[in-house]
Amino acid sequence: MDNDVSAGSKATTSTLGHIALGLTLLAFGIGHTGVIDGVTAADSVSLATYVGGLTLFVLGVLEYRGGNGFNGTAFAGLGALWFTWANAADGKASADAAGTFLVLFALLALTLAAAAPSGLFSQGVYALQFLALLLLAISAFADTGSLAKAGGWVAAVGGLLAWYGATAALTGWPASVRRASGSGAVAAS
């Protein structure tokens, strides 16, 4: 089975998965930053349940079926993260349990960052997700709001990076960073 959404389309289940991850991570991050008055991480529960949880899990299964073990692992694993997080939000778990949960999924994000086959965008997204989850875990253990805000900002940047990478794949925007020949400067391609 071909992963293309439609004939002639550049969209694949991988692209949709990165958009779902980006939007969920962005909403989760913004909720932790407190940058929008009255918006908290708990406000992203529906998005995390359906877009981050259910959609990513289904896309992970489709990626496995299509032969892409990395994206299958990433999307199904992160789908489990978002679905579980959404069901435990709003104080349904102790701070220590939440911190432990975040550390465990930070380890998944670290594994994905180390194994990402597609370069700096994927590695960057998963590395930022690792850092965000680690900061949020430490914040849960230590009960410090400032670390939670920092983790939220890191998550939001990771979400924007995932969204941009998927959008670039659809639109043909620059999606890689390389050295410009002879100048030592970094140029987007």
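1. How near do the axes of H1 and helix H2 (residues 45–65) come, and at roughly what angle do they cross? In this predicted model, the two axes come within 9 Å and cross at roughly 155°. Angles over 145 degrees count as roughly antiparallel, and H1 and H2 are therefore roughly antiparallel to each other. The crossing in which H1 passes H2 is left-handed.

2. The contact of H1 with H2 can be set out by residue. On the H1 side it is made by Thr-13, Ser-14, Leu-16, Gly-17, Ala-20, Leu-21, Leu-23, Thr-24 and Ala-27. Their counterparts in H2 are Leu-47, Ala-48, Val-51, Gly-52, Thr-55, Leu-56, Leu-59, Leu-62 and Glu-63. By class, this contact has 11 nonpolar residues, six polar and one charged.

3. The next pair is helix H3 (residues 69–88) with helix H4 (residues 95–115), whose axes come within 11 Å and cross at roughly 160°. H3 and H4 are therefore roughly antiparallel to each other. Their crossing is left-handed.

4. Which residues of H3 and H4 meet? From H3 come Phe-70, Thr-73, Ala-74, Gly-77, Leu-78, Ala-80, Leu-81, Thr-84 and Trp-85. H4 contributes Phe-101, Phe-105, Leu-108, Leu-112 and Ala-115. The residues of this contact divide into 11 nonpolar and three polar, with no charged residue.

5. For H5 and H6, the axes come within 8 Å and cross at roughly 160°. That makes H5 roughly antiparallel to H6. The crossing of H5 and H6 is left-handed, and the residues of their contact divide into 17 nonpolar, six polar and no charged.

6. Which element gives the most to the lining of the largest pocket? H4 does, with five residues. By class, the lining of the largest pocket divides into 15 nonpolar, six polar and two charged residues.

7. The second largest pocket has a volume of about 300 Å³. It is lined by 17 residues, of which His-18, Ser-118, Phe-121, Ser-122 and Gly-165 lie nearest its centre. Two or more residues of this lining come from each of H1, H3, H5 and helix H6 (145–171). The largest share, five residues, comes from H6.

8. How does the lining of the second largest pocket divide by class? Nine of its residues are nonpolar and eight are polar, with no charged residues. For the largest pocket, the lining includes two charged residues.

9. In summary, the helix pairs may be restated together. H1 and H2 cross at roughly 155°, H3 and H4 at roughly 160°, and H5 and H6 at roughly 160°. The crossing is left-handed for H1 and H2, for H3 and H4, and for H5 and H6. One charged residue takes part in the contact of H1 with H2, whereas none takes part in that of H3 with H4 or in that of H5 with H6.

Definitions and conventions: Residues are numbered from 1 along each chain as its sequence is written. This is a predicted model: local features need pLDDT of at least 70, side-chain atom pairs count only at pLDDT 80 or more; totals for chains, interfaces and linings use all residues. Side-chain values use heavy atoms; hydrogens and water are left out. Axes are lines fitted to C-alpha atoms, for helices over the stretch in contact, and angles run from 0 to 180 degrees between N-to-C directions. Helices (H or I, at least four residues) and strands (E, at least two) are DSSP runs, numbered from the N terminus. Angles under 35 degrees count as roughly parallel, over 145 as roughly antiparallel, 65 to 115 as roughly perpendicular and the rest as oblique. A crossing is left-handed if the near helix is turned anticlockwise from the far one by less than a right angle, and right-handed if clockwise. Contact means heavy atoms within 4.5 Å. Ala, Val, Leu, Ile, Met, Phe, Trp, Tyr, Cys and Pro count as nonpolar, Asp, Glu, Lys and Arg as charged, and the others, Gly among them, as polar. On a 1 Å grid over the protein atoms alone, a cavity is a set of points where a 1.4 Å probe fits but cannot get out, and a pocket is an open set with protein on both sides within 12 Å along at least five of seven lines; lining residues have an atom within 4 Å of a point. Grid points are joined across faces, edges and corners, and a volume is the space filled by probe spheres set on the points.
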